[in-house]
Amino acid sequence: MLLDILRPDTHGLDILRRIRSHPKLAKLPVVMMTGKSTAQDVAAGLMAGADGYVTKPFKMSGLVKAVKQVLGIA
């Protein structure tokens, strides 16, 4: 799943925490794709359970690389 932190309806990290606590979704690979790019933002995303973190703006090759890495096909 690609998930942004800044969403109009709810905070992406809240969604991520709910995914990680759900028995059927807990192992779903999640890559944060967001404009929040400070070291604190990245650490918060990874501590919340993100498998990868890509900051905007990004090159498509960087996003593809992150997704492949998370899926174990890099």
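This is a predicted model: local features need pLDDT of at least 70, side-chain atom pairs count only at pLDDT 80 or more; totals for chains, interfaces and linings use all residues.
**Notebook: salt bridges and cores**

I started with a pair of charged side chains: Lys56 and Asp4 meet in a salt bridge, 2.6 Å from N to O. Lys56 sits in the loop between strand E3 (52-55) and helix H3 (60-71), and Asp4 in the loop between strand E1 (2-3) and helix H1 (12-21), so this pair ties together parts that are 52 residues apart in sequence.

Next I looked up how open the two partners are. Asp4 is buried, because its relative accessible area of 18% falls under the 20% cut-off. Lys56 has a relative accessible area of 36%, so I wrote it down as partly exposed.

How many salt bridges does a search of the whole structure find? I got five. The general idea is simple enough: side chains of opposite charge can pair when their charged atoms come close.

I then went to Arg20 and Asp51, whose side chains meet in a salt bridge at 2.8 Å, N to O. Arg20 belongs to helix H1, while Asp51 lies in the loop between helix H2 (39-47) and E3, so here the pair ties together parts 31 residues apart in sequence. Arg20 comes out as partly exposed at 21% relative accessibility, and Asp51 is partly exposed too, with a relative accessible area of 42%.

One more bridge went into the notebook: Asp9 and Arg7, with their side chains meeting at 3.3 Å, N to O. Is Asp9 buried or exposed? Asp9 counts as exposed, at 57% relative accessibility. Arg7 counts as partly exposed, at 35%.

In soluble globular proteins, nonpolar side chains tend to be buried together. Which residues make up the largest nonpolar core here? I listed 11 in all: Leu3, Ile5, Leu13, Ile15, Leu16, Ile19, Val30, Met32, Ala48, Ala50 and Tyr53. H1 gives the most to this core, with four residues.

Leaving aside residues up to four places away in sequence, Tyr53 touches Ile5, Val31, Met32, Thr34, Lys36, Asp41, Val42, Gly45 and Leu46. I also found a second, separate core of five residues, and among them are Val31, Val54, Leu63 and Ala66.

Last entry, on Val31: this residue is in the second core, and Val31 is also on the list of residues that Tyr53 touches.

Methods: Residues are numbered from 1 along each chain as its sequence is written. Side-chain values use heavy atoms; hydrogens and water are left out. A salt bridge is a side-chain nitrogen of Lys or Arg within 4 Å of a carboxyl oxygen of Asp or Glu. Helices (H or I, at least four residues) and strands (E, at least two) are DSSP runs, numbered from the N terminus. Buried means under 20% relative accessible area, exposed over 50%, partly exposed in between (1.4 Å probe, protein chains only). A nonpolar core is a set of buried Ala, Val, Leu, Ile, Met, Phe, Trp, Tyr and Cys residues joined through side-chain atoms within 4.5 Å. Contact means heavy atoms within 4.5 Å.
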